[in-house]
There are 2 protein chains.
Amino acid sequence: MEKKGILIVVSGFSGAGKGTLMKELLSRYPEDYALSISATTRSPREGEEDGREYFFKTKDEFEKMIAKGELIEYAKYVENYYGTPRSYVETKLAEGKDVILEIEIQGALKVKEAFPDTLLLFITPPTAGELRSRLVGRGTETMDVIESRMRRACEEAEGMERYDYLIVNDDLGECVKRMHGIIQGEHDRSFRNREFMENIKKDLERLKGEE
Amino acid sequence: MEKKGILIVVSGFSGAGKGTLMKELLSRYPEDYALSISATTRSPREGEEDGREYFFKTKDEFEKMIAKGELIEYAKYVENYYGTPRSYVETKLAEGKDVILEIEIQGALKVKEAFPDTLLLFITPPTAGELRSRLVGRGTETMDVIESRMRRACEEAEGMERYDYLIVNDDLGECVKRMHGIIQGEHDRSFRNREFMENIKKDLERLKGEE
């Protein structure tokens with residue numbers, strides 16, 4: 001079967017280790033995956049490069065991208081826009097790469113609407129207790145900060161069941177392996193291979209009549 | 001996450017190599033899988049053992065099993081009954097094994113109705129031409145036989161899109177690996193882990209209130 005790229009959204013609890021996981025996945029399988037780069041109107045921080053961490057845009061440029069439909073999804077946080085440029089994603093998919101967007105649930109559902117075949121993955125620590133330990137950190141945070149993080153975790157948990165897969169991040173290596181296995185398996189899903197099915201049916205009918 | 005067994009139906013074209021594939025999968029991963037044994041009213045052939053190839057039943061016994069709901073699905077071919085005993089499947093699933101039924105599409109759809117979480121896998125050769133070569137065999141078959149096999153293949157292709165995954169059997173080793181990867185990945189699907197999601201949500205709410 002011809003290998004077409006799959007659009008993948010990765011979400012999960014803050015503190016579930018998504019960042020490290022993505023980095024490891026891309027470093028192990030650089031040929032298979034491309035990480036989508038977001039556009040934003042926030043200012044670059046020290047060490048950030050345009051086109052590497054983000055595509056840095058002015059508010060005016062960003063709003064033009066919205067108007068032209070050049071973003072698959074976007075959102076505004078604290079006066080700054082963040083969004084997923086369509087062109088990069090479509091180019092990489094056409095190259096046969098699986099393209100990963102690391103965004104939260106509202107964005108994930110918008111992407112799924114625009115691209116119904118999108119694969120939604122949710123990363124979770126093995127238990128709520130383990131998540132809390134990670135959020136509490138080294139004991140240097142105030143109770144206010146910890147409580148606000150726990151409230152956020154409860155909100156993040158709300159949409160879990162909308163995702164296709166839940167991936168437990170207990171051991172990094174094991175988790176990367178599972179994630180890669182899941183994505184590779186998804187390439188064989190029937191609904192991603194409609195053309196193959198149509199062709200084999202057509203060919204069988206044709207060959208049935210031949211000597 | 002707790003590992004629960006998945007019920008798996010494997011179908012595919014006659015000549016796609018399902019038998020060899022199943023044998024190889026079970027010999028490589030004996031801890032993970034159990035192959036369901038069908039009940040039948042046909043007579044044992046030489047070398048066949050009750051409880052190994054089939055559970056051999058009288059017509060009367062078989063009809064009692066039907067009446068008592070002891071079969072997940074059954075069908076009658078050429079005056080003989082064939083069916084899937086429920087007890088073996090349920091025992092193995094409870095032990096955490098993934099249980100494989102090798103049956104055709106009508107049976108597959110009945111199983112899916114009784115167990116909606118059943119995973120449906122369809123095995124196919126890479127092309128219709130390749131399937132035809134396998135069906136033609138070594139040139140010792142009559143045209144009638146070949147034509148009847150090709151007609152059957154066309155019928156078998158009808159329900160392909162009802163299956164969850166299409167697995168191309170080109171190279172046996174590669175195919176076994178893909179099949180195993182797909183099944184392992186399926187264990188992480190959200191709908192197979194509802195309990196885990198409910199627990200983590202409940203625990204997060206509880207921990208949110210704690211110091």
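Chain A is superposed on chain B by a rotation of 180 degrees with 0.0 Å of shift along its axis, at an RMSD of 0.0 Å; copies are superposed by least squares on the C-alpha atoms of residues with pLDDT of at least 70 in both. The two copies are therefore related as by a two-fold rotation axis. Within chain A, A:Gly181 has the C-alpha nearest this axis, 3.0 Å from it. Both copies use the same surface, since 100% of the contact residues of chain A recur in chain B; two residues are in contact if their C-beta atoms, placed from the backbone, lie within 7 Å.

This is a predicted model, in which local features need pLDDT of at least 70 and side-chain atom pairs count only at pLDDT 80 or more, whereas totals for chains, interfaces and linings use all residues. Residues are numbered from 1 along each chain as its sequence is written, and chains are lettered from A and ligands numbered from 1 in the order in which they are written.

Between the chains, 37 residues of chain A are in contact with 37 residues of chain B. On the side of chain A that touches chain B, at least two residues each come from helix H5 (128-136), helix H6 (143-157), strand S9 (165-168), helix H7 (172-186) and helix H8 (194-209). Helices (H or I, at least four residues) and strands (E, at least two) are DSSP runs, numbered from the N terminus. H8(A) gives the most to this side, with nine residues. By class, this side of chain A has 18 nonpolar, eight polar and eleven charged residues, where Ala, Val, Leu, Ile, Met, Phe, Trp, Tyr, Cys and Pro count as nonpolar, Asp, Glu, Lys and Arg as charged, and the others, Gly among them, as polar.

Taken as a whole, chain A has eight helices and nine strands. Its C-alpha atoms fill a box of roughly 80 × 45 × 30 Å, taken along the principal axes. Of the 211 residues in chain A, 34% are buried; a residue is buried if 20 or more other C-beta atoms lie within 10 Å of its own, exposed if 12 or fewer, and partly exposed in between, with C-beta atoms placed from the backbone.

In chain B, an open sheet of four strands has the order S4-S3-S6-S5, with mixed pairing; strands pair if DSSP finds at least two bridges between them. Strand S4 (54-56) and strand S5 (71-77) of chain B are the edge strands, each pairing on one side only. S5(B) and strand S6 (residues 80-85) of chain B run antiparallel and are joined by six bridges, and B:Leu71 stands opposite B:Pro85 in S6(B). In the hairpin of S5(B) and S6(B), with two residues between the strands, B:Val78 takes a positive phi near 45 degrees. S3(B) and S6(B) pair in the antiparallel sense over two bridges, and B:Ala39 stands opposite B:Gly83 in S6(B).

A further element of chain B is helix H4 (residues 105-114), in which B:Ile105, B:Gly107, B:Ala108 and B:Val111 are buried. Because these residues cover an arc of only 155 degrees around the axis, they lie on the same side of H4(B); the arc is that of the directions from the helix axis to the C-beta atoms. The exposed residues B:Gln106 and B:Glu113 are carried on the face of H4(B) turned away from its buried side. The buried residues of H4(B) pack against strand S1 (7-12), S5, strand S7 (98-102) and strand S8 (119-124) of chain B.
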